[in-house]
Amino acid sequence: MEERKPVAKRVIMHVDLDAFFTACEEVRRPELKGKPLVVCVYSGRTKDSGAVSTANYIARKYGVKAGMPIIQAKKLLANIEAEFLPIDKEYYKIVSDRIMDILRDVADAFEQVSIDEAYLDITNRTNGSFEEAEVIAKILKKKIYENEGITCSIGIGPNKVVAKIASEHNKPDGLTVVKPEEVRGFLSPLSVDRLVGIGPKTSEKLKEIGIETLGQLASTDVSKLIGIFGEKLGIYFHNSAKGIDDEPVKQTEEKELSRIITLRSNTRDLSEINDQVERAIIDLYSRVRKKGCGYKMVGIIAISDKLTMLVRSKKLSWIAYDIDTIKKASRELFERLLQEEPNVILRRAGIKVSGLVKSVDQAYIDKFIKPD
Ligand code: TTP
Ligand code: MG
């Protein structure tokens, strides 16, 4: 691995997908576009109990936001033609995986921080050029939109703190580049709550001592901040407000890969399921190959017509590199599942490999793989 450039010269990108869960729903049901859409986590206690997971930007105009009780969101959208959908995290994860692969491909180091958010260190890739980084960001936005129909917001800066604030600066579908010499000017007028770790309580505390902007926070004596928030937070607030941050982009490796498909019709016909899951297996296996990985476990995922999730898995006593092991295990596991669950009817079915092992090299893997 190439040596990282001195901290002062890094080029860091932060990518955050826009209204991600609702965006995924709009992709598979385009007729939803243009109206308020709310993805909900129903608790099941009463019909409408539970919380909002996310809302699209149209619903946000009415005041709907993540974490709000569903009942409150319904009140805000009363008399408006709005859609409320149950969360389908498996599906969002598949879309996310494919997008993260696009991002991972261009990064020197890649750190996924949540289902829809990642940092990329692109210092070497761009040779330290922020102009080049902007070109890469535009290409990434186009590719993600063309492949998945999803927009994202990208921030580029000399470190993670600045890149993160930059990506939120112009949402949705934004691109904000903050060069090292622009950092102070960019951060200075922004509200303190733009900093990760400053929520309503901390904002209030800072306001009490006359600090509302990052500029004011940056010019506050660090010892004063330490006195109020303790050493760790005090120093973090002070440095971040000045745009100083040395945190590296920590390379995250995937431990498992999965693919799930919606069956053409709800069924419990084993050969029908096997036939259709084959598509998912081929797609999944191409990702396993691309990563140059072996795997130690194969699992299946089944979503019933009642939307319950069932899983079964098989641990291998060796590290497998081939597609046939996945196909064989998948057939066995679906057969077992249907036997053990005589009443279940499948709506969606998927496959997972886990215990991923980075193999020594591709030639070594190829020895284990029969020609297709
Ligand atoms: P966010 O990136 O915070 O939100 P978002 O992608 O919906 O919207 P934005 O355009 O502002 O980035 O979170 C990503 C997903 O995580 C979001 O689509 C739904 C989920 N989520 C929750 O389930 N509960 C929450 O409280 C939050 C904040 C997010
Ligand atoms: Mg997002």
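This is a predicted model: local features need pLDDT of at least 70, side-chain atom pairs count only at pLDDT 80 or more; totals for chains, interfaces and linings use all residues.

Analyst: Residues are numbered from 1 along each chain as its sequence is written, chains are lettered from A and ligands numbered from 1 in the order in which they are written, and side-chain values use heavy atoms, with hydrogens and water left out.

User: How many helices and strands are there in the chain?

Analyst: Helices (H or I, at least four residues) and strands (E, at least two) are DSSP runs, numbered from the N terminus. The C-alpha atoms of the chain fill a box of roughly 70 × 60 × 40 Å along the principal axes. Within the chain there are 15 helices and 13 strands.

User: What percentage of the residues in the chain is buried?

Analyst: Buried means under 20% relative accessible area, exposed over 50%, and partly exposed in between (1.4 Å probe, protein chains only). The chain has 372 residues, and the buried share is 48%.

User: What share of the contacts with a separation of 6 or more joins residues 24 or more positions apart?

Analyst: A contact means heavy atoms within 4.5 Å. Of the contacts in the chain with a separation of 6 or more, the share from residues 24 or more positions apart is 63%.

User: How far apart are the end C-alpha atoms of helix H6?

Analyst: The expected span of a helix is 1.5 Å times one less than its number of residues. Helix H6 covers residues 130-148, so its 19 residues should span 27 Å. The value from the model agrees: the end C-alpha atoms are 26 Å apart.

User: Within what arc do the buried residues of H6 fall?

Analyst: The buried residues of H6 are Phe 130, Ala 133, Ile 136, Ala 137, Leu 140, Lys 141, Ile 144 and Glu 148. They line one face of the helix, because seen down its axis they fall within a limited arc. An α-helix has 3.6 residues a turn, so residues three or four places apart point the same way. Taken from the directions from the helix axis to the C-beta atoms, the arc is 140°.

User: Which residues are exposed on the other side of H6?

Analyst: The buried residues line one face of H6. On the other side, the exposed residues are Ile 139, Lys 142 and Glu 146.

User: Which residue caps the N-terminal end of H6?

Analyst: H6 is followed by Gly 149, with a positive phi near 70°. At the N-terminal end, a side-chain oxygen lies 3.3 Å from the backbone nitrogen of Glu 131. The residue that supplies this oxygen and caps H6 is Ser 129.

User: Which residues does Val 106 touch, not counting residues up to four places away in sequence?

Analyst: Val 106 lies in helix H4 and is buried, with a relative accessible area of 14%. Its C-alpha atom is separated by 8.2 Å from that of Leu 120, 14 residues apart along the chain. The residues touched are Leu 120, Ile 122, Arg 125, Ile 136 and Leu 140.

User: At what angle do H13 and H14 pack?

Analyst: Two packed helices are described by the angle between their axes and the distance between the axes. Axes are lines fitted to C-alpha atoms, for helices over the stretch in contact, and angles run from 0 to 180 degrees between N-to-C directions. The axes of H13 (residues 270-291) and H14 (residues 323-340) are 10 Å apart, and the angle is about 145°.

User: Where does Ile 281 lie, and how accessible is it?

Analyst: Ile 281 lies in helix H13 and is in contact with residues including Ile 323 and Ile 351. Ile 281 is buried, with a relative accessible area of 3%.

User: Is Leu 307 buried or exposed?

Analyst: Leu 307 is in the loop between strand S10 (293-304) and strand S11 (309-320). Its phi is positive, about 70°, although Leu 307 is not a glycine. At 52% relative accessibility, Leu 307 counts as exposed.

User: Which residues does a cis peptide bond join?

Analyst: The loop between helix H7 (160-169) and strand S8 (175-177) holds Pro 172. Omega of the cis bond is about -5°, and the bond joins Lys 171 and Pro 172.

Conventions. A polar contact is a pair of N or O atoms within 3.5 Å; within protein, one must be able to donate a hydrogen and the other to accept it, and residues adjacent in sequence count only if both atoms are side-chain atoms.
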